[in-house]
Amino acid sequence: MADTQPMATDVPFGLSLSTDELDAHRERITEFIDERVEAAGATGGVLGISGGIDSTLTAYLATEALGTDGLHGLVLPSEVNSDENMSDAERVAEDLGIDYDVLAIEPIVESFLDAFPDREDDESERTAVGNLRVRVRAVCNYFLANRANRLVLGTGNRTEALVGYFTKYGDGAVDCHPIGNLYKLQVRQLARHVGVPDDLVDKTPTAGMWVGQTDEKELGIGYDTLDAILALRIDGPLSRMATARELGIDEETVEHVEGLVARSEHKRHTPPAPAPLTRFD
C-alpha cells in the first residue's frame, strides 16, 4: 500500500478547527494538566521530549499550565535517533526555559540484550528491540517522576490511540495524555496556534524505533487520510463505502484502517481478568 493516499479536499472532513475552537482546546488542555497534577498532590510533571510535534506541543501547553518550574524534561536518545531530532528536543526545552536532562538509553538497552538468552540478532528482532527502547524511556520517566513526586505526562494523540500506534507499557505508560483528544491534523493546528516554530510542526513524524523509521511508512497510510477515515468511519456514522466515496479513496484503504483499529483494541483497555465467580450456598 502507498504511504499516502490522494484526498478529495486539502483539509480532512470536519477536522479543521476555528480560532475559537483552538483557543478552547488550549484552555481545556492546560486546565486538565493543572487539575491532574493538583489532584495527585504532585509537584509538577515529567515529560519525555523527542523533538517531534506531539511532545513539543505537550511541552508548550504543560509549561503554560505548570510554569517553568513545574515541568522537567527528559531527552532520551538511542543510537537510532538522529542528531537533528535530539537537537530539536533540547531546543524546545531551552526555548521554554524548563530544566531538562539528557540520558542516553542505548547502554541500558544493550545491557538488557546482552543478558537475554537465545537472541537472534537480526532483522526479526527489529520491532521487539524498537519497543524495548520505548519501554526503557518509560522506566526513565517514572524513575524521575517517583523521585521528584511528579506525574508522567504522555504525548499520545487520538489518531495514534485509535489505531494502536504506541508501545504498550512504553509511550502508553503515562499518568495522562493531555493532547489525547486531538487528531494528528489538529495537533499540528494547535501547535501553530500556540507558537511552535513551523519547522517543528512540519517535520516528518517518526517514533525513532529504528533507523529510517517513519510513522506514515509503518502505518501504511498518510496521517491526513487516516484522520479523515477515523473521523468519518470509526468515530463517525459512515459506512466503509460512504467513507471511501466522501474522501475519494478506495474501500481497501478504509478496510486497512478498520483492521488497525480492531487489532489494537487490547491496547486501549486495562488487562482483562476472569469475571468474579458467583457465591455458592
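## Strand E2 and its neighbours

Strand E1 (residues 45-48) pairs with strand E2 in the parallel sense over four bridges; two strands pair if DSSP finds at least two bridges between them. Helices (H or I, at least four residues) and strands (E, at least two) are DSSP runs, numbered from the N terminus. The model is predicted: local features need pLDDT of at least 70, side-chain atom pairs count only at pLDDT 80 or more, and totals for chains, interfaces and linings use all residues. Residues are numbered from 1 along each chain as its sequence is written, and side-chain values use heavy atoms, with hydrogens and water left out.

E2 also pairs with strand E3 (residues 99-102), again in the parallel sense and over four bridges.

Buried means under 20% relative accessible area (1.4 Å probe, protein chains only). Leu-71, Gly-73 and Val-75 point one way from E2, while His-72 and Leu-74 point the other way. In a regular strand the side chains alternate between the two faces of the sheet.

In the protein chain as a whole, there are twelve helices and four strands. Of its 281 residues, 47% count as buried.

Definitions and conventions
Buried < 20%, exposed > 50% of the residue type's maximum accessible area, 1.4 Å probe, protein only.
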